[in-house]
Every structure is written in C-alpha cells, then in structure tokens.
Amino acid sequence: LHPCSDFFAQIALRPTALANEDRTKSCIAEASDLSSLQVQRSLELTTTPQWKAIKVPINFEATPSTVSVWTNSITISQDDAAERLFMRLVLHSDYLSSDLRFQVRYSGRYIADTQVTSHGYADMIGPLDPGVYYVDMYYVAGTNGPENLKLCSTSMVDLRLVSKSAYGRGNATAQWLCTSTRVPPPDSLTPQPDEQVLLDSEYVVPDSGSHTIRLKVEETRLVRVKLSSSDVDFTAELRSVGETGGESLVARGSNSLEVVVKPGTFKLQLTSSSGGAGLSVSGCSTFLLNLLLQPTEALPICPWSPKSSDSSAAAEVQKGAADHMGNLMLDLVPRAVSKDLVVKPPVSLWMSQGMEKTFDLTVESTAAVRIEVTTQPPFIPLEVTIRRKRASGKLETAIGTGEWTESRLLLMQSELPKGNYIVEFRQPRRYTIQSGSGLSEDDLNLLCSHVTIQAEVG
C-alpha cells in the first residue's frame, strides 16, 4: 500500500427508542408501487429536479442478503448513441432505515461505479453504447433483529438520460460537465416523524439565481441552513404556507439560517447575489448546502437541565461550572517530530446554543493546525476560527475558519507562522423561534449537542 492510501467507511448508530412502531407501520402500509417507475428520457439538465418519492419496507433476515425491489430496462439505439446519451442516477435514502442502492448491468457486466453522498448514492454513466441496459434497485437486508422486524422511510429518486449533444450553450463542454456530474438539489422534503434529515452536497447555482425547497413537517423541528460558495453569497428565506396558499416570512438569513418551526408546510428559498449561475474559472458557479431538519423531541437534554438524570462524573463537572464549560482544556502545544506515534485523546462535552470558549495558542516556528469538531445532533450554530493576537492584545481578522461537512466542523491550517493566536469556539447566531412551536428560548437553551474535539498542532 502507498503510505497515504485511504478508504471510505460509513457507520451509523441510532437508538431503537427513537423508532415509532405505529409510524413505521403506516409507512409500510403506504409502500410504493414501483411498477410505473422508469428512467426518464426528458434530456433536461440535471440541475432541473425530477424527484419522485418512494417508500420501500426494509426486511431483516437471519443472514445478510441482497433484496431486489425494482428493475427497469433501457434500450439505446444507434441513433440514441449518436446523441451521446448519459445515464444519470441519483438516490436519496436514510442510510440507517432504508439504505436503498442501485446497480446497472450491460452485456452481462455491472458498470455502475456509484459515488456515496451524505444521503444516498449517485452515478453518471456514458456516453452510452447501443444495447440494453438494466437498472436494478436493491437493499441489503438487516440482521439480528426481532422476528418480522421491518424499517421504512421516504426515499427520493431522480433517474434520467441526459444528452451532451443537446446541450448547446457557450463553453458547452465545461458547463455541461459541471451541471451534469452534480447531484440536483431537492425540490421537496417530507421527513417522517422522528426522522432526522441532513443534506450536505455541492450543487450548481441555478440559472435563475434562486432555488426553492418545499418542506412539510409533522412535528416541531429545528431547521438549520449553511451555504457557502467562492462565487456568490446567498440569502435564505423560510416562509410558512397556509392552507389557502398564502405565505408569511418566518426567518431570513445571509448564508445561514437557524429557526424552530411548528408543524406545517414551508418554502425554503435560496437566492444568490449574482441573480444567475454565470461562469466561474472551473466552468460554472457551485455552492455547498448543509441542511438539517431535526425533530426537537429527539434532542438530548443538557446535563444541567432540571429534567436531566445524567449523574456521570463528566456531567457533574459541567453542571457545577457557572458557564457549564468548566475547566475545559485543549492540548494546543505544538508537537516535535518523533518516530513514536502519539495520539492525543479527544475532548468531549455537551454544548447548547450560545456557549462559547477561547483557547490560547503559541507557535514558536511555522506549524500545521488541525481541529476537528464532531457534533451530534449537529444543530448548534458553531464556528471555529483562528485569529492572530498582536503584542498589544488586539485580535486580527480570522486567518482560518472551520468548514462544515455533514455533522463535522473541520479547520486545517497547513502553515501557521510563528506568533501568538486565539482559537475561538463561537456561536454568533441564535435560533429564531416561530410562534406556536411550543418551544421557548429557555427550553431551547436546555437542549444540547454532544461535541467531540480533536486538536493537533505540530
């Protein structure tokens, strides 16, 4: 193996107590008839969503086995092949409760090389040669469960053929590759009760400069949105939709949004400052979207809450501290190069919205800094930054900022010059609470995220 060979792993844990048997039964009873599901031949750009919601029950068996749930054949003629057709397949599903996957067979071979997204799988295959292609959707049956155990949740699929020849815009090759190789943003999200939805993907800035996601929630939830792009800024607006179709603004934010909503229907509108996609150096403008829909009932209670029964030693320390942070320490002393492998243990604590902490960092020579913060559930609007501290004590603007990826906040600075610095754990924003949500500011402050911090300097 090369000294820096890597591998991909996906691991998920969820307490079975969060599963609601009645709601699972309701989902199973509404299982989708997939006989009408087909790979679409619309030839539209993949940036135009064509999602279809499906519900597929997941069985548990005595041993792991592959269960096929749907197959569709697509015939590509000589004329089709001349149009340089590609097959674009995207599947969104909850990894734990309904891990649906797909594969494509052609001439007796499996040809799909699926990329794993934060919420499913995607692939684009082509240009397609003449012949018959078979698209299979399947899941791997669970094991070690009670007899007759089934899981179920709503999944989304977008299966289509796209044509490069039909794409006739300026800088067509670069623009077409950019728009076609990326997963389209969802146009609607309808999570089941108790189901956490966490999207984290790169999308193309739409030509209109705006994209709307329709949300339908059945219980009080936290909605957290984080947007970033090297080309444009975004305004995020959440509007409630009444039974008659009337809309009212709930919250608005610049590149981010944190709001508590009551059950109902909403429109999340993301608008770029450019008013349209335009072209970037790489061929087109893209943005990163980190979107969380979190049921408040599934949020952990902070140890210092009167309702908490946590009596662990770590919890008692945070309970007794005035700021509920206690004597939290990060080992930010730069390490010297050594043949011995020394792994610093991570630091864990509970954090609610508004909690902040700073740490001093002194670097005697140029060093690298890596700070990884994992939050679960990832609802707190946490930011991690490094700022240089002048001899006068004045702090300069941030020279390093952590980036969100799913539930992880990662700050990496490869060359930090000699000097004194401050590492800040900040929460500059607070949640807007919609009237009628049944949750007060004080209630929210007693709900926590479990935070694990791994810091390395050297």
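In the predicted model, the side chains of Asp99 and Tyr121 are joined by a polar contact of 2.9 Å. A further polar contact, of 2.8 Å, links the side chain of Asp99 to that of Arg101. Asp99 is located in the loop that runs between β4 (85-92) and β5 (101-106). With a relative accessible area of 12%, Asp99 is classed as buried, because this value falls under the 20% limit. When neighbours within four places in sequence are set aside, the residues in contact with Asp99 are Ser93, Asp94, Tyr121, Tyr138 and Tyr139.

Two cis peptide bonds were examined. One joins Gly126 and Pro127, with omega of about -5 degrees; Pro127 belongs to the loop between β8 (120-125) and β9 (131-140). Another joins Gln376 and Pro377, again with omega of about -5 degrees, and Pro377 is placed in the loop between β24 (367-376) and β25 (383-389).

Arg84 adopts a phi of about 55 degrees and is situated in the loop between α2 (78-82) and β4. The relative accessible area of Arg84 is 36%, so this residue is partly exposed. For Asn255, phi is about 65 degrees, and the residue lies in the loop between β18 (247-254) and β19 (256-261). Asn255 counts as buried because its relative accessibility is 18%.

Methods
Residues numbered from 1 in each chain as written. Predicted model: local features only at pLDDT ≥ 70, side-chain atom pairs only at ≥ 80, totals over all residues. Heavy atoms only, no water. Helix = DSSP H or I, 4+ residues; strand = E, 2+ residues; numbered from the N terminus. Buried < 20%, exposed > 50% of the residue type's maximum accessible area, 1.4 Å probe, protein only. Polar contact = N/O pair within 3.5 Å; in protein donor to acceptor, adjacent residues only side chain to side chain. Contact = heavy atoms within 4.5 Å.
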